[in-house]
Amino acid sequence: MQSDDLSYDRDAQIVTATGHVEIAYGQRVLMADKVTYNQKTGVVTADGHVSLLEPQGDVAFADHVVLRNEMKDGVIQTLQVLLTDKSRLAGSDAVRTNGDVTTVHRGVYSPCEICEKQGQHTPVWQIKAFRVVHNKSEKRIIYEDAYMEMFGVPVFYVPFFSHPDPTVKRQSGFLTPSVASSTDLGQEITLPYYWAIQPNLDVTLAPRFTTKAGIVYQGEFRHRLESGSYQFFGTGTWPDSRTAGTPADAAFRGSLFGNGEFNLAPKWSWGFQTQLVTDNTYLRKYGLSDATDLTTNIHLNNIDGRDSFSANAYYFRNLLAGTNRDNTPWVAPTVDYEKYLGDLLGLGRLKFSSNAMVLGTPAGLDSRRLTAAFDWDKPYTSRGGEVYRIFANLRADAYSTDKAPNPAAAGTYFGQETIIRALPTVGAEASYPFVRPDPGLKQVIEPIVQVIYAPSIGNSDRIPNMDSINVEFDDTNLFSENRFPGLDRWETGGRANVGMRYSIYGAGGGQASVLLGQSYRLKDDNSFSDATGLRDQLSDYVGAIQVAPNDNLVAVHRFRINENNFKFSRNEFDVLARTGPLTTSLGYAYFAADQAVTTAIGAREELSLGATLKLSRYWRLFGSTVQDLANSGSISNQIGVGYQDDCFGLALGFYQSNISYQDIQRSNTFLLQITFKNLGSTGVGSQSNLSARTDSMGIVNPGTTLFGDPDTSLFGDPAGVMINDSRRPGIGTNR
C-alpha cells in the first residue's frame with residue numbers, strides 16, 4: 001500500500017489512506033482518492049476516482065467500491081469497465097462474486113469507440129439490459145431483458161442472449177446463422193455449430209436446411225500436430241427433387257476438400273491436397289466454388305541448399321462441359337531430383353536433373369518415363385559492359401508406352417512401345433545495356449540476342465503428349481531454351497531469339513519498360529501448333545509494356561502479333577488506378593480463334609471493369625462488370641454499398657450471373673450482411689429467375705464472396721461454410 005497520507009486506528013484495526021492511494025494484493029491493483037481497510041473483516045472501501053486493475057487486463061472505474069475476500073468480491077456503484085479489447089461495460093451498480101462473476105444492473109455494453117471530436121456522442125451500436133452478467137470463468141457476457149440500440153435508436157428486443165467475452169479465441173457454441181431465399185432451393189437457413197474438442201482440434205458443423213432441396217450437410221475438421229497440420233471441408237446432400245441438367249446418377253451429391261503439411265525431418269516434409277466432387281456442376285450450383293479444374297495430390301519433398309528431391313502423385317478432375325474423363329490422366333508417381341554440382345574449375349556451373357514418371361488414363365493409356373539431363377552455363381561480363389552467357393544441355397529420355405493415341409488417325413492407338421531418345425543443345429546469349437543517366441531520370445536500352453542449336457530430330461507421335469500441351473508464347477519465355485512446359489516434348493533445331501528492352505527509372509520510384517522480340521528458326525517445327533505462333537521459321541512478335549509512374553497507377557499490356565498479317569493473336573491489358581477516394585480496375589483480354597484443338601475454339605474477347613468509391617471514412621460504393629465482347633453478352637454484374645468501422649459492418653448489394661449450362665441457370669442475387677464486433681454477422685438475401693427454368697444460384701452464403709470491397713473483405717471463409725476462423729460463437733444461448 002502507498003499513499004500521500006496514512007493513518008491507523010489500533011483499537012478498530014482500520015487503516016485509512018488518502019491521496020493517490022495504490023494497493024496491490026496479488027495480481028490486483030486498486031487505486032483511489034481514499035481507501036479504508038478493516039483488518040478484522042478484510043473489507044476494503046474506496047472512494048473517489050476508483051480504478052481496479054484485474055489480472056486479465058480489464059480495468060473497472062467507479063465512484064464507490066466495497067471489496068472483500070482479497071478484493072475478489074464486492075459492491076460497486078456507477079461502474080464502468082474497460083475490457084481487454086477496449087470494449088466497454090457500464091451500469092448504475094454492480095455486485096462481484098468469487099472474483100469472476102460481475103452482475104451489473106441497468107447495464108450497457110458496446111465495443112464501439114466514441115469520437116467526440118467528430119460530434120459523436122453515442123456509439124454506433126450498444127446493448128442495454130436490465131441485468132448484465134460477465135462470467136469470467138465461462139468467458140461469456142450474458143444479457144437479460146435486453147435491447148439493441150443503433151445510433152441511439154432501439155432496433156430490437158430479446159429477453160435473453162449471450163456472447164463470448166473478449167478473451168475468447170475459440171469456444172464451442174453456435175455461430176451466426178445465415179438466411180437465404182431462392183427459386184431453386186427455396187427458403188433456407190444455415191445453422192453453424194463450432195465444437196472446440198481440444199486446443200489443437202476442432203470441428204464446425206453447418207447444415208443448410210432448404211425447403212426445396214432438403215438438407216445440405218457441411219462440416220469442417222481441423223487438427224494441428226507438432227509436426228504440422230491438416231484440415232478437411234466436406235459437403236453432401238441427397239436432393240429431394242431433380243432439375244433440368246442434373247446428372248442422372250445424382251442420388252447423392254457432395255464434395256471433399258482438404259490439405260495438410262507435415263515435417264518428417266529437418267530437410268524432409270510431406271503433404272497432401274484433396275479436391276473431390278461427385279459431379280461437374282455441384283460446386284457452382286450450391287455456391288461452394290467457381291473452380292473448373294480440381295487436383296488431388298500427395299507429395300514428399302527434400303530441400304538441401306540448392307539440391308532438391310520431390311515425389312508427387314496426382315489425380316485430376318475437369319468440371320467443364322464436354323470433358324472426356326476417359327482421357328484425364330492420373331500420375332503415380334512423378335519423381336524429380338536436382339543436384340547442383342558447382343563451378344567446375346572456374347569453367348562454369350553444372351547441374352544434374354532427373355525425372356521418373358508413371359502415368360495412366362481410364363481409357364487404358366500407360367506411359368512410363370525416365371529422364372536425365374546435365375545443364376551447364378558460363379556467364380561473363382566484359383570490362384566494356386557487354387553481358388555474355390554460353391550454355392549447353394544434354395538430355396536423354398526412355399519411354400515405355402501402351403495404347404498411346406495416334407494423332408494421324410483419330411480413334412486409333414499405338415501398341416506397346418519402347419522409345420529411347422537423346423538431345424544435345426548448345427547456345428549463347430549476348431546483351432549490351434546502354435545506360436543514360438540524366439538528372440532525375442535514368443534510361444536503359446538493352447538489345448538481346450540468343451542463338452541456340454540442337455539437332456532437328458523433332459518429336460515422336462508415339463510418345464503421348466500429356467504435360468506439354470499448353471504452350472504459351474509471350475514475353476516471359478521469349479528467351480527460354482525450351483518453350484514446352486513439360487518433358488514429353490522438346491524444342492529442336494537451330495533458332496535465334498532477338499529482343500529489345502527499353503526502361504525508364506525516375507528518381508521518385510516511378511518506372512516504365514517496353515520489351516519487343518521475335519524468334520527465328522532454320523526450318524518449321526511441326527511440334528508446335530499454328531495457334532502458338534512458333535511453328536513457322538518466323539515467329540509471331542511478342543511484347544510487353546509496363547508503366548508504373550507512382551504507387552497509384554499500374555498498367556501492363558502484353559501482346560502477341562501475327563507475323564503475317566500484323567493482327568493481334570493475343571492481347572491483354574490490365575490497369576489499376578487510384579485517384580483520391582476512387583479506385584478503379586480495367587482488364588481486357590483477346591485470344592484469336594484456335595483451330596488446332598479437337599473442338600475448334602472461336603475468338604474470345606472479354607472486358608472487366610471494377611470500381612470502389614470511398615464516400616467517407618466508413619462508407620464505400622463498389623461495383624463491377626464482366627462483358628463477353630465476342631458474343632455481345634454480359635457474364636456478370638454487381639453493385640453494392642458497404643459501411644465498415646471498428647465495431648460495425650454493413651454490406652448491401654446486387655449480383656447478377658448470366659452463366660448457364662447443364663443445371664446451372666442465370667440468376668439474380670440480393671445480399672444484405674450485417675456484422676457486429678464480438679457478436680458475429682448475419683446475412684439475408686433473395687433471388688429472382690431470369691428465365692422460365694428453375695434458378696440455381698439462389699443461396700446467400702457468407703463463404704461465397706459475391707461482392708465486396710478491395711480494401712475490406714465483408715464476406716468470409718472461401719471454403720464456403722459460414723464460419724469465422726477465430727471460432728467465436730455468435731448470438732445464442734450458453735445453456
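**Reading a fold, feature by feature**

Guide: Let us start at a loop. Ser 632 lies in the loop between strand S38 (619–628) and strand S39 (633–644). Keep in mind that this is a predicted model.

Visitor: Is Ser 632 buried or exposed?

Guide: Over 50% relative accessible area means exposed. Ser 632 has 70% relative accessibility, so it counts as exposed.

Visitor: Now the sheets. In what order do the strands of the open sheet run?

Guide: The order is S1-S2-S3-S4-S5-S6-S7-S8-S9-S10-S11. That makes eleven strands, with antiparallel pairing.

Visitor: Which strands stand at the edges?

Guide: Strand S1 (5–9) and strand S11 (153–164) do. Each has a single partner strand, so one side of each is left without a neighbour in the sheet. The twist from one strand to the next averages 20°.

Visitor: How many bridges pair S1 with S2?

Guide: Five bridges, in the antiparallel sense, pair S1 with strand S2 (residues 14–25). To see a bridge, find Tyr 8: its bridge partner in S2 is Val 15.

Visitor: What should I know about side chains along a strand?

Guide: In a regular strand the side chains alternate between the two faces of the sheet. Accessibility can also be read along a strand. Take strand S16 (residues 201–205): four of its five residues are buried, so the strand is mostly covered.

Visitor: Which strands pair with S16?

Guide: One is strand S15 (residues 193–198), paired with S16 in the antiparallel sense over five bridges. There, Tyr 193 has Leu 205 of S16 as its bridge partner. A hairpin of two residues joins S15 to S16. Another partner is strand S18 (residues 215–224), which runs antiparallel to S16 and is joined to it by five bridges. Look for Val 203, which stands opposite Phe 221 in S18.

Visitor: Next, disulfides. How many are counted?

Guide: The test is two cysteine sulfur atoms within 2.5 Å. The count comes to one disulfide. It joins Cys 112 to Cys 647, with an S to S distance of 1.8 Å.

Visitor: Why is the disulfide called right-handed?

Guide: Because the torsion about the S-S bond of Cys 112 and Cys 647 is about 100°. The pair links distant parts of the chain, 535 residues apart. Cys 112 is in the loop between strand S8 (101–110) and strand S9 (125–135). Cys 647 is in the loop between S39 and strand S40 (648–657). Both Cys 112 and Cys 647 are buried.

Visitor: How many residues does the largest nonpolar core have?

Guide: It has 40 residues. Those with the most contacts inside it are Leu 30, Val 35, Trp 125, Ile 127, Tyr 143 and Phe 648. The largest share, five residues, comes from strand S10 (residues 140–150). Another core lies apart from this one, with ten residues, among them Ala 213, Leu 283, Leu 288 and Leu 294.

Visitor: Which residues is Leu 30 in contact with?

Guide: Leave aside its neighbours within four places in sequence. Its contacts then include Val 21, Ile 23, Val 35, Val 44, Leu 52, Leu 67 and Met 71.

Visitor: One last residue. Is Asn 297 buried or exposed?

Guide: Asn 297 lies in strand S22 (residues 293–304). Buried means under 20%. Asn 297 has 9% relative accessibility, so it counts as buried.

Visitor: What does the side chain of Asn 297 reach?

Guide: It reaches the backbone oxygen of Ala 313 at 3.1 Å. Beyond four places in sequence, Asn 297 touches residues including Gly 271, Phe 272, Asn 312 and Tyr 314.

Terms used: Residues numbered from 1 in each chain as written. Predicted model: local features only at pLDDT ≥ 70, side-chain atom pairs only at ≥ 80, totals over all residues. Heavy atoms only, no water. Pairing = 2+ DSSP bridges. Axes fitted to C-alpha atoms, helices over the stretch in contact; angles between N-to-C directions. Buried < 20%, exposed > 50% of the residue type's maximum accessible area, 1.4 Å probe, protein only. Core = buried A, V, L, I, M, F, W, Y, C linked by side-chain atoms within 4.5 Å. Contact = heavy atoms within 4.5 Å. Polar contact = N/O pair within 3.5 Å; in protein donor to acceptor, adjacent residues only side chain to side chain.
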